[in-house]
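Reader: Could you walk me through this one while I have it open? I will jump between topics as I go.

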Amino acid sequence: MSTATPSRTESEVRRRRTFAIISHPDAGKTTLTEKLLLFSGAIQIAGSVKARKASRHATSDWMEIEKQRGISVASSVMQMEYRDCVINLLDTPGHQDFSEDTYRVLTAVDAALMVIDAANGVEPQTRRLLQVCRARNTPILTFVNKLDREVQEPLALMDEIERELGMTVVPFTWPVGMGKFFGGVLDLRKDQMRVFTPGEDRVAGTEEVVQGLTNPVLAERFGSPYEQAAGEVELVREAAPEFNHADFLSGKQTPMFFGSAVNNFGVQEVLDALVDLAPAPGSRTAIQREVQPVEPKFTGVVFKIQANMDPAHRDRIAFVRVASGKFERGMNLKVVRSGKTLRPNTVVTFMSQKRELLDEAFAGDIIGIPNHGVLQLGDTLTEGEALQYTGLPFFAPEMFRSVEVADPLKTKQLKAGLQQLGEEGAIQVFRPIAGSVLLLGAVGQLQFEVVAHRLEHEYGCKARIMPSRFQVARWVTCSPEDGGEKELKRFIDANDHRMAYDAVDAPTVLVEYAPELRAIESNWPKIKFHALREHA
Ligand code: G4P
């Protein structure tokens, strides 16, 4: 057997952890993110969440609109070092109207941290996001937050998570009391209790630790909340299976931690678990073959495009997940779809507060490539190989609006703006075959508002966004054995009054009512109708 020392690429890949935090709004994602960043020294902010929220725009949120709505519109990326690992944390918008963006971000991570508000339990947005993770077998760690409040009983929460999310929960810690009587957590693996002290500026690792879960000191000091917790732990130990790493990696088991993010309590355990349990980047599937992260040649995939992140630069940044090899600044990259070559000199990495110039990156890292429309969502970049990664999802919109420019002299700006926002995935833009009015498609109402706002502030054109009669869209294709392009053209010609093309020229049929779609489907058995389009 070979005992060769690992290559630089191998050892760099091994120490990467790339994950996203998923939660329902208000569960504590922002708070937790900032506490995680504090550990790595990436930021040194002391103070309340409120103060941070006010200054948040300097860190993870760039957009003006966010200040107005107080929700996270733009997903962002933060890189930090912790222990001997490089951790890439991808932020996701919590608001369900931006779930499309979130789904795409989830294709770029190797693990997810699910934050649950212990008072509210499993909430709708958590459920939706988790479904996406489950579909991809993404390993999930669970953090149950806000134990410093009056919340649900931990056993009930555990049961709810198991039932609602269809995963086996394996508690790593267990809370002693809650709210005013929150005493801390029993660490079931280290056989100790960590004692809770409140305080937003509390530094991690400074809490008092009492050794031995059955130490008589605990019963004396914490009384009945301890007795109850000890009884529950016994029960859980009998009922819950042992932690199984393989089951965790395939998304069947989730380790569960309790804490209070705002008090920086229980956060470090989660970070440690992430380093110890979450996987390093693995292989990725392209149409042509499976690609290993330690292959010497660079490959990457664009999973997000953000226009005008920094108004001073007015740039468009393509977020690329490095899938293999080593990226070096100034190297030539082939955009496989178009065959064009890029030589990005100003690639950026995301070091929490400022965008810094990047020299090299390995699998698992996210790099930002400023460009002017050369890169689209789902694009694969290579050193020359013809390779196309799969799996970046686009969902059929569920709401439609037609859009017109308020000032006809600004038609050009409207078109340019919509094209860019469409390529970015902020909204889907359809060009109907009949007529000249563009259609916008979204999964959430807020997307229209954001687009109107951005058209005005970033592209200088006021748009009139009006109701549309359409309610359902389906991408249409026809496989070669069913007649291929010829049959598809026949379908398009026969339905030209309700056909449109999307941002990448994929033909789409638009209908007013679901029954109408069913009728079309039965009339055209050779045509396939897709609610989900995977970039390929
Ligand atoms: P999000 O990103 O998931 O939407 O949640 P965020 O971190 O903004 O937290 C939502 C609210 O929950 C915030 O309060 C935050 O202070 C609070 N919070 C987070 N972690 C804990 C915790 O461990 N215990 C308690 N009691 N509260 C917690 P807010 O009043 O909505 O915001 P702010 O006005 O304090 O900024």
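Reader: Let's start with helix α13, residues 484–494: which strands does it lie across?

Author: Bearing in mind that this is a predicted model, helix α13 lies across β29, β30 (499–501) and β31, and its direction runs at about 150 degrees to that of β29.

Reader: And what sheet do those strands sit in, I mean, in what order do the strands come?

Author: The sheet is an open one of eight strands, in the order β28-β25-β27-β26-β30-β31-β29-β32, and the pairing is antiparallel. Its edge strands are β28 (463–467) and β32, each of which pairs on one side only. On average, neighbouring strands in this sheet are turned by 40 degrees against each other, if direction is ignored.

Reader: Staying with β29, how many bridges link it to β31, and how many to β32?

Author: Strand β29 (residues 472–477) is joined to β31 (residues 507–511) by four bridges in the antiparallel sense, while its antiparallel pairing with β32 (residues 528–530) runs over three bridges.

Reader: Which residue of β31 is the bridge partner of Arg474, and what does Trp475 stand opposite in β32?

Author: Arg474 has Val509 as its bridge partner in β31, and Trp475 stands opposite His530 in β32. As a general point, side chains in a regular strand alternate between the two faces of the sheet.

Reader: Now the helix pair α11 and α12: at what angle do they pack, and how far apart are their axes?

Author: Helix α11 (residues 411–424) packs against helix α12 (residues 445–459) at an angle of about 120 degrees, with the axes 10 Å apart. That angle is why α11 counts as oblique to α12.

Reader: Is the crossing left-handed or right-handed, and which residues make the contact?

Author: The crossing of α11 past α12 is right-handed. On the α11 side the contact is made by Gln413, Leu414, Ala416, Gly417 and Leu421, and on the α12 side by Val451, Arg454, Leu455, Glu458 and Tyr459. By class, this contact of α11 with α12 comprises six nonpolar, two polar and two charged residues.

How values were computed
Residues are numbered from 1 along each chain as its sequence is written. This is a predicted model: local features need pLDDT of at least 70, side-chain atom pairs count only at pLDDT 80 or more; totals for chains, interfaces and linings use all residues. Two strands pair if DSSP finds at least two bridges between them. Helices (H or I, at least four residues) and strands (E, at least two) are DSSP runs, numbered from the N terminus. Axes are lines fitted to C-alpha atoms, for helices over the stretch in contact, and angles run from 0 to 180 degrees between N-to-C directions. Two residues are in contact if their C-beta atoms, placed from the backbone, lie within 7 Å. Angles under 35 degrees count as roughly parallel, over 145 as roughly antiparallel, 65 to 115 as roughly perpendicular and the rest as oblique. A crossing is left-handed if the near helix is turned anticlockwise from the far one by less than a right angle, and right-handed if clockwise. Ala, Val, Leu, Ile, Met, Phe, Trp, Tyr, Cys and Pro count as nonpolar, Asp, Glu, Lys and Arg as charged, and the others, Gly among them, as polar.
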